[in-house]
Amino acid sequence: MSADMTQTDKLSRVRSNDAPASPSSSSRPLRMRTNTAEIDSTITHPGSVKINVTGAFIVDQDSSSPTNVNGSTNGGSHDTKDIRLPNHTAVVSHIAVDIGGSLAKLVYFSREPKSREPGGRLNFMNFETDRIDDCVEFMKQLKIKQQKLNGSRPGELCVMATGGGAYKYYDKIHEALGVDVLREDEMECLIIGLDFFITEIPREVFTYSETDPMHFEEPRSDIYPYLLVNIGSGVSMIKVSGPRAYQRVGGTSLGGGTLWGLLSLLTGSRTFDEMLGMAERGDNAKVDMLVGDIYGTDYGKIGLKSSTIASSFGKVFRMKREAEREAEDSGGLTSGDSDPPSSSQANPPPSSETKAPPFSAPDISRSLLYAISNNIGQIAYLQSEKHSLSTIYFGGSFIRGHRQTMNTLSYAIKFWSNGEKKAYFLRHEGYLGAVGAFLKRQPRNWGRRGSFEESGGLGLDREYPSPGVG
């Protein structure tokens, strides 16, 4: 596999290999039969809920993966990594939204359109928080569709909300939809969502390296303790000792919001995906001072390669100073005491000898992405050492399956731990809180191998009364 292939290409290739022809086929290899699943759009009346995650798998985007209830994007972005639940037959009466400082992440369940087979899928959408009205409008369309297709009455839909926006936009959502909005604790939802993905969804959790871009881990039940590094606008680091035993042990204000803010100032980019795209094309060596720039080679005695960053943006000042000296020598800069230049001097004709800038916006983007990712990786390692945690999961919308981000975080953990620890990533890394809020509406132990309640089982084959709306 080419090292230059984007992570999106890799994920698409993996997904296309995962998608089974028929979830019920007994001739399909076990790996495909149990792959993680997409989720469609049905939200029905609360009552008895029976959830079945047997045979869940992640599928590639197809014609049944909706971009919007009405066919348009409505300001949102549909994540193609839907989760198919081929054996779930009961109705689901709620949607979940995790509203952070930069993005609002939405999860909802729906039946397979034009299909006689049972089951449905979980759909994943995200909106920029600045466009929260688009997110609310999308939820309103879900409600309308729900009533039309399932005959549910107004008020039967419930919204499970988490994140800071669950409080900031509570009145807006409640008034626009006219339904119950239940606010759930953000940290608890993150843990519930992560536990679900770790224990129930095949080909969800993976490690990353340049030589083995996506090495998937099998779902398992013995998951505690671990460290969750959730990278959103800022960064929270959470020590998880059990299903409901967790503690925020640290974090940093230098997160996705920092990258977004600084790059919007330095490059003029307007979207986070545009910034990541520029970072993909950039060369940080034009901006960063590397070990090789100082030593001329590796510093093998302390394990530093010549390509290791010694100082982020370390070359910028020197290049700027050299450019100013050249301008002074050529008369381009004055002391400010001379007479104002004439109009012909103020606007000299363009010269073919004008030197190109020493670095570009993509170079700046890559440098800053590395700086923030390296900082997060080192702090995460230090927290894992302090709390004796060998397993480190990275989540949050900052990552977005971006190859350089994952490689930087993986390298940092491997380097500082001398190869004893690994960084683990998830294909739904940005939706941990939203999925956790979605699961909070479900009966205890829904689709979880004892990860929600220590004494609980899977909870797959029994009917449970839906929790009352408070």
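In this predicted model, an open sheet is built from seven strands in the order β10-β9-β17-β16-β11-β12-β13, with mixed pairing. The edge positions are taken by β10 (215–216) and β13 (245–252); each has a single partner strand, so one side of each is left without a neighbour in the sheet. Strands of a sheet pair through backbone hydrogen bonds, either parallel or antiparallel. For β9 and β17 the direction is antiparallel, and two bridges join them. Within this pair, V205 stands opposite L426 of β17.

T207 belongs to strand β9, which covers residues 205–207. Its C-alpha lies 6.1 Å from the C-alpha of F425, although 218 residues separate T207 and F425 in sequence. Leaving out residues up to four places away in sequence, T207 touches D212, P213, M214, H215, E217, K422, A423 and Y424.

A residue counts as buried when its relative accessible area is under 20%.

| Residue | Relative accessible area | Class |
|---|---|---|
| T207 | 11% | buried |
| E429 | 9% | buried |
| C158 | 2% | buried |
| C189 | 0% | buried |

A disulfide is a covalent bond between the sulfur atoms of two cysteines. The cut-off used here is a pair of cysteine sulfur atoms within 2.5 Å, and by this rule the model has zero disulfides.

The remaining topic is a helix pair. Two packed helices are described by the angle between their axes and the distance between the axes. Helix α8 spans residues 272–281 and helix α12 spans residues 361–386; their axes come within 7 Å and cross at roughly 100°. Angles of 65 to 115 degrees count as roughly perpendicular, and α8 is therefore roughly perpendicular to α12. On the α8 side the contact is made by M275, L276, M278, A279, E280 and R281, and on the α12 side by A361, P362, S365, R366 and L369. By residue type, the contact of α8 with α12 comprises seven nonpolar, one polar and three charged residues.

Notes:
Residues numbered from 1 in each chain as written. Predicted model: local features only at pLDDT ≥ 70, side-chain atom pairs only at ≥ 80, totals over all residues. Heavy atoms only, no water. Axes fitted to C-alpha atoms, helices over the stretch in contact; angles between N-to-C directions. Helix = DSSP H or I, 4+ residues; strand = E, 2+ residues; numbered from the N terminus. Parallel < 35°, antiparallel > 145°, perpendicular 65-115°, else oblique. Contact = heavy atoms within 4.5 Å. Nonpolar A, V, L, I, M, F, W, Y, C, P; charged D, E, K, R; others polar. Buried < 20%, exposed > 50% of the residue type's maximum accessible area, 1.4 Å probe, protein only. Pairing = 2+ DSSP bridges.
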